[in-house]
Amino acid sequence: MNRLFFLICLLSCLITVTADAASQKPNVVLIMCDDLGWGDTGFNGNKIIQTPHLDKMAKAGVILKRFYAGAPVCSPTRGSCLTGRNPFRYGIVTANKGHMKAQEFTLAELLKDHGYRTGHFGKWHLGTLTKTVRESNRGGPKNIKDFSPPWQNGFEVCFSTEAKVPTWDPMLKPAGKAPGKGWAAIEEGKPTKPYGTHYWNAAGEIVKDNLRGDDSKIIMDRALPFIESSTKADKPFFCVIWFHTPHLPVVAGPRYRDMYQKYDLYHSNYYGCITAMDEQIGRLRAQLKQLNSAENTMLWFCSDNGPEGNARAPGSAGPFRGRKRDLFEGGIRVPALLEWPAKIRPGTETRFPMVTSDYLPTILAAMELPVQADRPIDGMNLWPVFANKVKHRQQPIGFQFQKNAAWVTDRYKLLRKQQRSKTEYQLFDLLADPAESKDLSKEYPELVARYQTELERWMKSCEQSNQGRDYQTKKQP
C-alpha cells in the first residue's frame, strides 16, 4: 500500500512538473550586429576572423543561410524587427530619418502586456533620445519631432545610444582630427575629447559609469544583470542587444588587435572588434546556462545589413554581389542564427528565405499570442518552416531603398532600378545564380510582368500605410 501511495505521489509530481514546463513562457533575446557582412563569421566560412562562440551557437542551433535584413541600412531594419512590418509602412526609410511612430505596436509593448520584462541595450536608431541635449546625429531641441526613445516604445530597462559610437571607449575620440574609419585604441594619459553621443537609461538620464574599453562588453555588462534579475524574479524576459560592432569608427583594444597584427590598422580593428563582440556572446550563453535559462530561451542573432565600403574594405559579403546600401544580395543577405534547445534541433541549417520582419509573428506564435489584425504584417510565422511543414514561402519579401525596390521569391529576385525618369528591371535566379551575375529579364518577360505587378501593388500598400491608413486601433496610454 505504501509503495502504491509513493508511485501515485511520484506520478502526480511528474504531471505537475510537465504541466509547469509546458506553460512556462519562453524568454527571447534578439542580438544584432551593425554592418556585419554575411561572410564575416566562421560559421559562414570566414577563415580570418575568430568567432568561436558564434560558431558554437551555430552548432547548437540552426544556421539561417538565407536570412535577409529588412533594408540595406540599419534604422529601417531595426524597425522591422520590432513591428513585423516593412519600414516604408511607418516612414523609417533610411538611417537618421523618421522615428518609431506612437501608433505602431512593438514587440516590447506586446510582450510587456503579457507579463514580460523588457530591456533594450545598445544602438536604438529609431528616433532621438533627448529633447534638451545636442548630441549624436539628431538629438536635441532642433529635432524634438523625432523624439521616440525605447522607453516610450515598450522597454522598461534601457542602456541605449541614439546612433553609432566607437567600438572601443565609445564616448571618446582622440584629440584633434580623428579619422572616420577608426583609430588605434587610445592609450592611458593621451589627450581625448567627447565623441559627441551618450548612453541613456529609461529615466532619460545620461549614464556616466563603466564606459571605458570594449563597447560590446559595456553593453553586455548592462544586459546580463537584467537577465539575471528577471530570472530570479521568475519573470520571462524580452532582451534586445544591438551591438555597434563593426560599424565605423571601428576600434579594437590592444589584445584583440594583436590577434590580427599582420593586417593594417583598419583591418585589424575590424577583425578585432568582431572577436571582442563574439566573446560577449559567449559570456551571454554561459550566463543563460548558469541561470538554467538556456533551454527555454530563444536566442536570435543577425546583422542589420551588409558590410560597409567596397571590396577593399574589411567586411565580406561572402559570394554575394553588392554591399551596404545595395538591394543586391550582399546588401541585404546577412549572417543569422537561432538557438533554442527546447525547440530547435542542433546542428541544422535552412535555406528558406527569411527576413527580420518575421521576428514578430514567429515570436508571438511561439507564445500563442495573436498578431495585430488591423494592419498589414509583412513577416510570417517561421515555426512551420522549422518543423519541416512548410517548404515554400508563399508571400514574397519586398524591399525598398531610395528609388529602388526588389521582390524576392523562393527562387527569383526582381530588381527595380530607377535612374532619373527611367525604370529598369532585372531578374535573377537566386538558386542557380546567387551571385546575381546573369540578368534573365529578357528570357522570362512573363515572370517580370507578374512580379512587377505584385511589387507595385505591395509598394502602393506600403505608401497607404505610411499615410496612416493602418492606425484604426488606438493604443492604450
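Which residues does Pro72 touch, not counting residues up to four places away in sequence? In this predicted model, Pro72 touches Asn305, Lys324, Arg325, Asp326, Leu327, Gly331, Ile332 and Phe401. A contact here means heavy atoms within 4.5 Å. Pro72 sits in the loop between β3 and α3. Its relative accessibility is 0%, so Pro72 counts as buried. Buried means under 20% relative accessible area, exposed over 50%, and partly exposed in between, with a 1.4 Å probe and protein chains only. Asp214 lies 142 residues from Pro72 along the chain, and the C-alpha atoms of the two are separated by 26 Å.

Residues are numbered from 1 along each chain as its sequence is written. The model is predicted, so local features need pLDDT of at least 70 and side-chain atom pairs count only at pLDDT 80 or more, while totals for chains, interfaces and linings use all residues; side-chain values use heavy atoms, with hydrogens and water left out.

The overall form of the chain comes next. The chain holds eleven helices and 18 strands. These are DSSP runs numbered from the N terminus: helices are H or I with at least four residues, and strands are E with at least two. For 477 residues, a compact globule would have a radius of gyration near 23 Å, and the chain agrees, with 23 Å. The radius is taken over C-alpha atoms, and the globule rule is 2.2 Å times the number of residues to the power 0.38. The C-alpha trace spans about 85 × 65 × 50 Å along its principal axes.

Of the 477 residues, 57% are buried. Among contacts with a separation of 6 or more, 70% join residues 24 or more positions apart. The accessible surface comes to about 20900 Å², and carbon and sulfur atoms supply 52% of it. Such areas come from the Shrake-Rupley method with a 1.4 Å probe; for residues, only the protein chains shown count as cover. The chain carries 66 positive and 49 negative side chains. Lys and Arg count as positive and Asp and Glu as negative, while His and the chain ends are not counted. The centres of the two sets lie 3 Å apart. Each charge is placed at NZ of Lys, CZ of Arg, CG of Asp or CD of Glu.

Helix α3 covers residues 74–83. Ten of its ten residues are buried. Among them are Cys74, Pro76, Arg78 and Cys81. The buried residues of α3 pack against β1 (27–33), α4 (107–112), β4 (117–123), β9 (237–242) and α9 (359–366). Just after α3, Gly84 takes a positive phi of about 75 degrees. Helix α9 is largely enclosed by the rest of the structure, because six of its eight residues are buried. These are Tyr359, Leu360, Pro361, Thr362, Ile363 and Leu364. Glu368 follows α9 and has a positive phi, near 55 degrees.

The strands pair in several ways. Two strands pair if DSSP finds at least two bridges between them. Three strands form an open sheet with mixed pairing, in the order β11-β3-β14. Its edge strands are β11 (333–334) and β14 (354–355), each pairing on one side only. Strand β3 (residues 67–68) runs parallel to β14 over two bridges. There, Phe67 stands opposite Met354 in β14. Strand β11 contains Arg333. At 7% relative accessibility, Arg333 counts as buried. Beyond residues up to four places away in sequence, Arg333 touches Trp38, Lys65, Arg66, Phe67, Tyr68 and Phe320.

Strand β5 (residues 157–161) has four of its five residues buried, so β5 is largely enclosed by the rest of the structure. β4 and β5 pair in the parallel sense over five bridges. Phe121 stands opposite Phe159 in β5. With strand β8 (residues 200–201), β5 pairs in the antiparallel sense over two bridges. Here the bridge partner of Ser160 is Trp200 in β8.

A hairpin joins β17 and β18. Strand β17 (residues 412–419) and strand β18 (residues 422–429) pair in the antiparallel sense over eight bridges. Gln418 stands opposite Thr423 in β18. Two residues lie between the strands, and Arg420 takes a positive phi near 55 degrees in this hairpin.
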